[in-house]
Amino acid sequence: MMKTKKHPAKYTDVFIPIFNKYLKSHERVLDPMAGTGKLALIKEHGFTGEIYCNDILDWGTAKYENVDKWTFDDAAMMAYEDGYFDALCTSPTYGNRMADHFEAKDGSKRITYRHCYGSPLCSDNTGRMQWGKKYQKKHEEIYKECLRVLKDGGVFIVNISDHIRAGKVIPVVDWHRDVLIGLGMKLVEEQRIETPRMGFGANRNARVQHEYIMVFNK
């Protein structure tokens, strides 16, 4: 396994026990866009099932050893049978400035997927997609694939956030909620949680200070 890289957008620690609350009764859970596999920390809160993690990149899978199985596929084309999982939990990219895939050579500090990974990202990686039609099309494809591998009656948890661009809040949360409902999912609970955001950079005062956890049933 490769050395763990510093992922720029891991789950906030306070989310782990919240995820466990909804997942603890399930036997087989998938994070389709798992990063370093931090979801596996729910095992420290009493989860006794299996945790599967998938990511288009290998960020260093030894980080969280409680992951039962790793795959490295495009989340829109995963190698699992229909209805294989009884629950999914994931945090899509937000389409914000972390998706900047410019290769800076001036020594400046950048917290982006490309810079944290250390090499260019492929065109299908949502970590290089700014908010817009390409981002939306790709996430619709990913959600359709997620629902394919989720059994009927299964739970789907999404952690997502808006962001500010040109002084305006971009309705990322509303878009993800609407797409999943449009695909037939039932929203059963939604939480808005205040979270710490990056405290440096020219845009440090232009960041929303909360994220959302949405819980759906198929």
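Two strands pair if DSSP finds at least two bridges between them. In this predicted model, strand 1 (residues 28-31) and strand 2 are joined in this way by four bridges, with Val29 standing opposite Ile51 of strand 2.

**Strand pairing around strand 2**
- Strand 1 and strand 2 run parallel.
- Strand 2 also pairs with strand 3 (residues 69-71), again in the parallel sense, through three bridges.
- Within strand 3, Lys69 is the bridge partner of Tyr52.
- Strand 2 (residues 50-54) is largely enclosed by the rest of the structure, because four of its five residues are buried, that is, under 20% relative accessible area.

**The largest nonpolar core**
- This core comprises 30 residues, and the members with the most contacts inside it are Leu30, Leu88, Phe156, Val158 and Ile160.
- At least two of the core residues come from each of strand 4 (85-90), helix 3 (133-149), strand 5 (150-160), helix 4 (172-182) and strand 9 (210-217).
- Helix 3 provides the largest share of the core, with six residues.

**Contacts of Val158**
- Leaving aside residues up to four places away in sequence, Val158 touches Thr90, Pro92, Tyr143 and Leu180, among others.
- The residues touched by Val158 also include Tyr212, Ile213, Met214 and Phe216.

Methods
Residues are numbered from 1 along each chain as its sequence is written. This is a predicted model: local features need pLDDT of at least 70, side-chain atom pairs count only at pLDDT 80 or more; totals for chains, interfaces and linings use all residues. Side-chain values use heavy atoms; hydrogens and water are left out. A nonpolar core is a set of buried Ala, Val, Leu, Ile, Met, Phe, Trp, Tyr and Cys residues joined through side-chain atoms within 4.5 Å. Buried means under 20% relative accessible area, exposed over 50%, partly exposed in between (1.4 Å probe, protein chains only). Contact means heavy atoms within 4.5 Å.
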